[in-house]
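Morning, everyone. Let's walk through one model together. Please have the sequence and the 3D view open.

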Amino acid sequence: MAITLEQVHYTYSPGTPFARVALQGVTLTIEKGDFVALIGHTGSGKSTLIQQMGGLLQPSEGKAAVDGIDLSRKEKETKAARGQIGIVFQYPEHQLFAETAYEDIAFGPRNLGRSPEETDRAVRRAMAQVGLDFDTFAQRSPFRLSGGQMRRLAIAGVLAMEPAYLILDEPSAGLDPRSRRLFFEQIVRSHKQQGMAIILVTHNMDEAARYAKRLLVINEGKLLYDAPPREIFAKYQKELEEIGLAVPAAARLAAVLRARGVPVPADIITEAELEKFLLNWVKKRGKK
């Protein structure tokens, strides 16, 4: 099972003075169970790319498929394939609309033709996954929740459809540090428990380093790098800076320390790794 893009090109308003090339020959495969981060500066093609993955846009050239099914076709199996992909756009709480949290989450499963019993199980399971107590929140208006709770409710509405692939577009935008940490704990839990593929679009390099097993770097509609975050952040710091991207804060600090003679390994990219190394290094120096 996989999302595959083969030499995908996409141009907005083709054949007009307003034509703009957004993707140029992107080829990639995202398998079920992957945890992928997608980074690139504003206007690099990230949003267009995830819409190709989700079947919301059709390639100008090339092919986008889910589990081998071409997303550009208008067939029953194509609709089912698109149903395997959940997309949570930036500020998903703006998409809440129902009178109660229960009804908001139930909307997706019902549209997929689930029975009332199956829908109820899906709602309860999704609320548990995002840490919203059913008895407390099910009959509450979405618009009487806190910002963090609204964000989790919107995510639950997608999880209730049990997608094989979950695309998250800047999901932590606007959240405070605690809410951000809780949100990612819940996403990681869903990823592990369900084997769901996660495609995380983010400007936060620390999030990409901490959670993703694979990093996609896009610039001017072209896929520049596709490798583990550790490899990309260690090898291509200069190249990333040239296209307007940074490396994680821990990697930047590690580079400064190396320049001052501290033997920090080049592949350290997270705060936890750097803290562990420095504690051990200080202990060893203290024993000399």
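Val88 sits opposite Leu168, a residue of strand β7. Keep in mind that this is a predicted model.

Let's stay with this pair of strands. β6 covers residues 85–88 and β7 covers residues 165–169. They run parallel, and four bridges join them. Now, which way do the residues of β6 point? Ile85 and Ile87 point one way. Gly86 and Val88 point the other way. All of them are buried. Here is the general rule: in a regular strand, side chains alternate between the two faces of the sheet.

Next, the cores. The largest nonpolar core has 54 residues. Which members touch the most others? Leu166, Leu168 and Val217. Helix α6, residues 147–159, gives the most to this core: seven residues.

Leaving out residues up to four places away in sequence, its contacts include Ile39, Tyr225, Ile232 and Leu245.

Last stop: an open sheet of four strands. The order is β2-β1-β4-β5, and the pairing is antiparallel. Which strands are at the edges? β2, residues 20–31, and β5, residues 69–70. Each pairs on one side only. Two bridges join β5 to β4, residues 61–66. Val66 has Ile69 in β5 as its bridge partner.

Key. Residues are numbered from 1 along each chain as its sequence is written. This is a predicted model: local features need pLDDT of at least 70, side-chain atom pairs count only at pLDDT 80 or more; totals for chains, interfaces and linings use all residues. Side-chain values use heavy atoms; hydrogens and water are left out. Buried means under 20% relative accessible area, exposed over 50%, partly exposed in between (1.4 Å probe, protein chains only). Two strands pair if DSSP finds at least two bridges between them. A nonpolar core is a set of buried Ala, Val, Leu, Ile, Met, Phe, Trp, Tyr and Cys residues joined through side-chain atoms within 4.5 Å. Contact means heavy atoms within 4.5 Å.
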